[in-house]
Amino acid sequence: MRKIHRFRRDMARDEGMQELFDELNALRAALSDAYTRFDTATEPELVDACVYEINAAQSRYNYQIRLIKDAGGEAAFKAYSEREGEAWV
């Protein structure tokens with residue numbers, strides 16, 4: 001069965017660039033999940049763990065953005081961000 005890419009863009013026809021965007025989407029979902037866990041955590045230890053998880057996810061997300069821009073995808077990333085309402089850049 002073929003995997004459907006929700007954010008496949010014309011600007012990412014290059015297989016390598018598409019992989020970078022796919023990873024960015026996965027990291028975006030992981031960051032969203034971390035925020036959801038933070039919002040529902042009630043114990044102080046869990047809140048601390050969620051804060052560390054959010055910081056780690058943000059670091060990985062920012063690193064992936066830098067990889068995309070370094071790969072010559074700065075224009076592609078800008079178009080992607082504008083279309084998806086990028087909030088974490």
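Which helix does glutamine 64 lie in? I looked this up and found glutamine 64 in helix α2. I note that the model is a predicted one.

**Entry 1: glutamine 64**

I checked the cover on this residue. Glutamine 64 counts as buried, because its relative accessibility is 6% and the cut-off for buried is under 20%. Next I asked which residues glutamine 64 touches, leaving out those up to four places away in sequence. I got Leu20, Glu23, Leu24 and Leu27.

**Entry 2: the chain as a whole**

I counted secondary structure. The chain has 2 helices and 0 strands. It holds 89 residues, and 30% of them are buried. The chain exposes about 6200 Å², with 51% of that supplied by carbon and sulfur atoms.

**Entry 3: helix α1**

I tested the length of α1. Its 26 residues should span 38 Å at 1.5 Å a residue, and the end C-alpha atoms are 38 Å apart, so the two values agree. Then I listed the buried residues of α1. They are Met17, Gln18, Leu20, Phe21, Leu24, Asn25, Leu27, Arg28, Leu31 and Ala34. I kept one general point beside that list: residues three or four places apart point the same way, because an α-helix has 3.6 residues a turn.

**Entry 4: the nonpolar core**

I looked for the largest nonpolar core and found 8 residues in it. The members are Met17, Leu20, Phe21, Leu24, Leu27, Tyr61, Ile65 and Ile68. Both α1 (15-40) and α2 (44-84) supply at least two residues each. The largest share, 5 residues, comes from α1.

**Entry 5: the salt bridge**

How many salt bridges does a search of the whole structure find? I got 1. Arginine 37 and glutamate 53 meet through their side chains, N to O, at 2.2 Å. The pair links distant parts of the chain, with arginine 37 in helix α1 and glutamate 53 in helix α2, 16 residues apart. In general, side chains of opposite charge can pair when their charged atoms come close. Arginine 37 is partly exposed, with a relative accessible area of 37%. Glutamate 53 is partly exposed too, at 29% relative accessibility.

**Entry 6: threonine 36**

I finished with threonine 36, which is found in helix α1. Its relative accessibility is 45%, so threonine 36 counts as partly exposed. I also took a distance. The C-alpha atoms of threonine 36 and cysteine 50 are separated by 9.3 Å, and the two residues are 14 residues apart along the chain.

How values were computed:
Residues are numbered from 1 along each chain as its sequence is written. This is a predicted model: local features need pLDDT of at least 70, side-chain atom pairs count only at pLDDT 80 or more; totals for chains, interfaces and linings use all residues. Side-chain values use heavy atoms; hydrogens and water are left out. A nonpolar core is a set of buried Ala, Val, Leu, Ile, Met, Phe, Trp, Tyr and Cys residues joined through side-chain atoms within 4.5 Å. Buried means under 20% relative accessible area, exposed over 50%, partly exposed in between (1.4 Å probe, protein chains only). Helices (H or I, at least four residues) and strands (E, at least two) are DSSP runs, numbered from the N terminus. Accessible areas come from the Shrake-Rupley method with a 1.4 Å probe; for residues, only the protein chains shown count as cover. The expected span of a helix is 1.5 Å times one less than its number of residues. Contact means heavy atoms within 4.5 Å. A salt bridge is a side-chain nitrogen of Lys or Arg within 4 Å of a carboxyl oxygen of Asp or Glu.
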